[in-house]
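I begin with a question to myself and then work through what I found.

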Amino acid sequence: EVRNVVGLRLNIHDLGDMNTKTDQDVVGFGIYRERNHHIWFLDSRCERVSSDCFQANAQGDPAGVHHIYAGRITCRNNRQGCLWAKQSEDVVFSESTCTEMRPDKGGLNPGQCFGAQYDARRLVILKNQMSNSENGIVLGSFDYGTPKGGIVILGNLMTNIHHTTSDDRLENPWSGGAAIRLSGGVTALVINNTIWDVDGGIQIPAGGATTTVINTIIGKTRRAAFQVEQPGPLLRVTHSQLDSAPRMWIAGTSAVPTADYLARDENGSGLPAFVNAAVGDFRLPEGSPLRR
């Protein structure tokens with residue numbers, strides 16, 4: 001059993017082969033196997049790693065790897081991503097900065113900053129910043145069934161998220177340039193996020209997440225605020241600002257959201273008043289209806 005471990009102020013760089021076309025898992029800071037818990041990875045940098053900067057992966061029972069915190073990490077130009085969770089429980093990704101994540105030459109990795117797959121239970125992605133990347137947050141396949149506890153995406157800033165080599169079609173929710181792409185049947189709670197200057201806002205492919213979006217700004221999108229491939233009660237949006245045309249693309253048809261998809265959009269579609277978006281200050285001024 002491994003517990004109560006702190007990785008602090010590490011400078012991780014140039015691990016593995018960035019040009020390989022195989023699935024090379026050379027991780028900067030990895031937590032593997034079972035019976036690993038209460039581990040902190042803090043205040044570190046990670047560049048040019050051929051896998052993820054950080055990965056939690058029990059490779060078996062998710063309960064074996066639990067209570068993991070990765071915070072204040074700076075990631076740039078990794079082959080796979082910044083912070084990633086596989087089989088695990090109660091993992092937090094917080095206050096980290098991620099830039100320059102792009103698809104690898106083998107086409108195996110979509111160029112995301114943060115995310116999860118397989119059976120990551122009760123994952124929290126909190127107050128991170130993502131920019132100049134192919135995708136922001138990506139949930140992959142959950143091959144072990146619907147995870148227990150779902151995922152919370154809270155207080156993140158996603159700007160300048162645009163595709164380069166990946167697909168770019170409104171009718172394809174798998175397209176690149178997604179601020180958040182949710183698949184695998186996970187239950188996702190998306191609260192108090194700012195998504196601005198992206199190709200797609202929140203994308204939910206077929207068989208994707210049951211999603212609740214609260215108090216979130218989605219604007220300056222090239223395709224749509226929401227791209228939902230499969231009709232059904234997948235999405236609820238309340239107290240949010242959607243400055244996008246179209247706001248939603250459902251099952252290959254541009255459509256005005258019905259009550260089944262968009263419960264309320266109380267603040268209309270006007271431009272949100274940031275303090276100074278031109279210089280990257282996306283704080284909301286006093287009196288903004290989105291300050292809740």
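**Entry 1: a patch on the surface**

Which residues make a nonpolar surface patch of about 250 Å²? I looked this up and found V6, L8 and W40, which together make that patch. I then placed W40 in strand β4, which covers residues 36-42.

**Entry 2: the model as a whole**

I noted for myself that this is a predicted model, and I therefore looked up its confidence, since pLDDT is the predictor's confidence in each residue. The protein chain averages a pLDDT of 85, and 84% of the residues score at least 70. Confidence is highest in strand β11 (residues 97-99), at a mean of 98, and lowest in strand β26 (residues 253-254), at a mean of 45. I also marked residues 252-270, where the pLDDT is below 50, although in the model this stretch has 48 contacts beyond near neighbours in sequence.

For the secondary structure I counted 26 strands and zero helices in the protein chain. Of its 292 residues, 53% are buried, and the accessible surface comes to about 11900 Å², with 49% of that belonging to carbon and sulfur atoms. Among the contacts with a separation of 6 or more, 69% are between residues 24 or more positions apart.

**Entry 3: aromatic rings**

I reminded myself that a pair of aromatic rings is described by the distance of the centres and the angle of the planes. The structure holds six aromatic pairs, and I wrote down two of them. The rings of F29 and F54 have centres 6.0 Å apart and planes at 20°, and because planes under 30 degrees apart count as stacked, this pair is stacked. F29 sits in strand β3 (residues 29-32) and F54 in strand β6 (residues 52-57), so the pair ties together parts that lie 25 residues apart in sequence. Both F29 and F54 are buried.

The other pair I noted is F274 with F282, which is edge-to-face, with 5.0 Å from centre to centre and 75° between the planes. F274 has a relative accessibility of 12% and counts as buried, and F282 is buried as well, with a relative accessible area of 14%. Going back to F29 and F54, I found that ring pairs link them with F41 and F93 into a cluster.

Is Q55 buried or exposed? I found that Q55 is buried, with a relative accessible area of 1%, and that its place is in strand β6. Leaving aside residues up to four places away in sequence, Q55 touches V27, F29, G30, I31, Y32, W84 and K86.

**Entry 4: salt bridges**

Side chains of opposite charge can pair when their charged atoms come close, and I counted 20 salt bridges in this model. In one of them, E1 pairs with R35, and their closest N and O atoms are 3.1 Å apart. This pair links distant parts of the chain, since E1 is in the segment before β1 (2-8) and R35 in the loop between β3 and β4, 34 residues apart. Both E1 and R35 are exposed.

D14 and R48 meet through their side chains in another salt bridge, at 2.7 Å from N to O. D14 belongs to strand β2 (residues 11-15) and R48 to strand β5 (residues 45-49), so this pair ties together parts 34 residues apart in sequence. D14 is partly exposed at 44% relative accessible area, and R48 is also partly exposed, at 27%.

Last, I looked up D199 and R222, which form a salt bridge whose closest N and O atoms are 2.9 Å apart. D199 lies in strand β20 (residues 194-204) and R222 in strand β22 (residues 217-228), so the pair ties together parts 23 residues apart in sequence. D199 counts as buried at 1% relative accessibility, whereas R222 is partly exposed, with a relative accessible area of 48%.

Key. Residues are numbered from 1 along each chain as its sequence is written. This is a predicted model: local features need pLDDT of at least 70, side-chain atom pairs count only at pLDDT 80 or more; totals for chains, interfaces and linings use all residues. Side-chain values use heavy atoms; hydrogens and water are left out. Helices (H or I, at least four residues) and strands (E, at least two) are DSSP runs, numbered from the N terminus. Buried means under 20% relative accessible area, exposed over 50%, partly exposed in between (1.4 Å probe, protein chains only). Contact means heavy atoms within 4.5 Å. Accessible areas come from the Shrake-Rupley method with a 1.4 Å probe; for residues, only the protein chains shown count as cover. Rings of Phe, Tyr and Trp (its six-membered ring) pair if their centres lie within 6.5 Å; planes under 30 degrees apart count as stacked, over 60 as edge-to-face and the rest as tilted. pLDDT is the predictor's confidence in each residue, from 0 to 100. Patches are made of residues with over 30% relative accessible area and no salt bridge: like charges are joined within 9 Å, nonpolar side chains (Val, Leu, Ile, Met, Phe, Trp, Tyr) within 5 Å. A salt bridge is a side-chain nitrogen of Lys or Arg within 4 Å of a carboxyl oxygen of Asp or Glu.
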